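Me: I would like to learn how to read a protein model step by step. Could you take me through the one shown here?

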Amino acid sequence: MEPVSAAVSAVLPAGGSGERLGGATPKQFCGLQGRPLVSYAVRAMERVSWISDIIVVVSPENIETMKSIVEKYGHKRVTVVKGGITRHRSIFNGLKVFAENQSSNRLLQKPEVVIIHDAVRPFVEEDILLKVVTAAKEHGAAGAIRPLVSTVIASGEDGCLDHSLERARYRASEMPQAFLFDVIYEAYQQCTDHDLDYGTECLHLALKYCKTNAKLVEGTADLWKVTYKRDLYAAESIIKDNLSQQICIITDLKEAVAQVGFLLHESLKSQVKVEAISISLRKNDSHLQNIFSGECYNFLCINDKEYATEEIQQLVDMLEKSNIPLLYPVILILVHLSISENISFSIGLEELTKIKKFAREVKKKNILVYGLLIQCKVFLLP
Ligand SMILES: Nc1ccn([C@@H]2O[C@H](COP(=O)(O)OP(=O)(O)OP(=O)(O)O)[C@@H](O)[C@H]2O)c(=O)n1
Ligand SMILES: O=C(CO)[C@H](O)[C@H](O)COP(=O)(O)O
């Protein structure tokens, strides 16, 4: 697919109260693995380099909470805007930031295409964003859809079945959606109070007021909206699963050690996404930096050096300098290979004590260090 050739920004409605989920905290602020749900959606947008501004719309009482989330998790390109009493009113407020000079918000550059995405749909990927934006540029509006899980039926006044819809002909409307900014803004300006208070579908507004037939784009199953309590549990297990799906194996440049890294890569690659690199940790390696910013949280560092702590210290320093938010525990497994002819380990007791002390220190920074000693005996052929 062609790269994006339009100015694109995003509006994330996050101003609801989460009645269906229940509980005192609105669902977008519920913690998943210690981080609020809304922050995952913001992060998903932020990772897409061609999205310029991200407008997060929250209820007036949650403005400060949202601002502190932006600060705590280092979110960039985010403007927090006051929401309305319904989702449509919140989205409209978000769009206004681009079109009207509001006293509390600087006027942001009006995008050609605007993405609208519920803040409670945390697993949105660049691929689907690109598809809806490209389709919106061509058709004026586009939205992700999914097959219906259950058949839609209508009941009559007596509470009995009136009619049912042919399931194969209908689709569930999901998010993200994208619009030519002028189309959706015009539609919202023309909306009646009834639309704003009872409507649930932005694509419908574009059709009703701008005669724009949205292109429907097949989305993936994980675009679903966190609505009920069970959805929070499901989202949390997807997050945990994603975290354990990527590992980086780092070896030094010595051939025997690099060879172990290569073999490990071969045996793991069918189960997890694995990167294996041979580098000198003393130098600043751009490939390793890219792996950090790709949010890899698991590292296996193999070496045969006597001073293993220095190596792992260098890796931790690089990790910290890379400024990736340490939102989850980083797992660093230090594998010390002792390749020798005799059975004694090349690493001394003093070094082991140092590693243990180091592990205790970095644990406070959410970095968990584990050590593994492997004795490889070299058999010399006669
Ligand atoms: N006045 C509102 C209502 C909803 N939303 C946002 O719109 C998205 C989708 O709405 P929904 O799932 O219905 O959220 P809630 O309204 O919070 O949930 P409920 O209907 O169960 O109260 C959510 O990110 C929600 O925060 C909003 O910005 N402003
Ligand atoms: O499914 C959607 C597509 O437009 C919206 O995300 C949905 O309408 C959200 O609002 P609610 O759950 O309050 O109806």
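Me: Leaving aside its neighbours within four places in sequence, which residues is Val56 in contact with?

Reply: Two residues are in contact if their C-beta atoms, placed from the backbone, lie within 7 Å. By that rule Val56, with neighbours within four places in sequence left aside, is in contact with Leu12, Ala14, Val38, Val42, Met66, Val78, Val80 and Ala119. Please keep in mind that this is a predicted model, in which local features need pLDDT of at least 70 and side-chain atom pairs count only at pLDDT 80 or more, while totals for chains, interfaces and linings use all residues. Residues are numbered from 1 along each chain as its sequence is written, and chains are lettered from A and ligands numbered from 1 in the order in which they are written.

Me: How many helices and strands does the protein chain have, and what does its C-alpha trace span along the principal axes?

Reply: Helices (H or I, at least four residues) and strands (E, at least two) are DSSP runs, numbered from the N terminus. Here the protein chain has 12 helices and 16 strands, and its C-alpha trace spans about 90 × 50 × 45 Å along the principal axes. Of the contacts with a separation of 6 or more, 73% are accounted for by residues 24 or more positions apart.

Me: Is Val114 buried or exposed?

Reply: A residue is buried if 20 or more other C-beta atoms lie within 10 Å of its own, exposed if 12 or fewer, and partly exposed in between, with C-beta atoms placed from the backbone. Val114 has 28 other C-beta atoms within 10 Å and is therefore buried; its place is in strand 6 (residues 113-116). Of the 382 residues of the protein chain, 34% count as buried.

Me: Which residues touch the most other members of the largest nonpolar core?

Reply: A nonpolar core is a set of buried Ala, Val, Leu, Ile, Met, Phe, Trp, Tyr and Cys residues joined through C-beta atoms within 7 Å. In the largest one, which has 61 residues, those touching the most other members are Leu12, Val56, Val114, Phe179, Ile184 and Ala206. Helix 1 (residues 37-46) gives the most to this core, with 7 residues. Apart from it lies another core, of 25 residues, including Val274 and Leu319.

Me: At what angle do the axes of helix 5 and helix 7 cross?

Reply: Axes are lines fitted to C-alpha atoms, for helices over the stretch in contact, and angles run from 0 to 180 degrees between N-to-C directions. The axes of helix 5 (residues 181-190) and helix 7 (residues 202-210) come within 8 Å and cross at roughly 80°. Angles under 35 degrees count as roughly parallel, over 145 as roughly antiparallel, 65 to 115 as roughly perpendicular and the rest as oblique, and helix 5 and helix 7 are therefore roughly perpendicular to each other.

Me: Which peptide bond is cis, and which residues have a positive phi although they are not glycines?

Reply: Most residues other than glycine have a negative phi, and most peptide bonds are trans. In this model the bond from Met175 to Pro176 is cis, with omega near 10°, and Pro176 has its place in strand 10 (residues 171-180). Arg77, in the loop between helix 2 (63-72) and strand 5 (78-82), has a positive phi of about 65°, and Lys211, in the loop between helix 7 and strand 11 (215-218), has one of about 50°. Lys211 is exposed, because it has 9 other C-beta atoms within 10 Å, whereas Arg77, with 16, is partly exposed.
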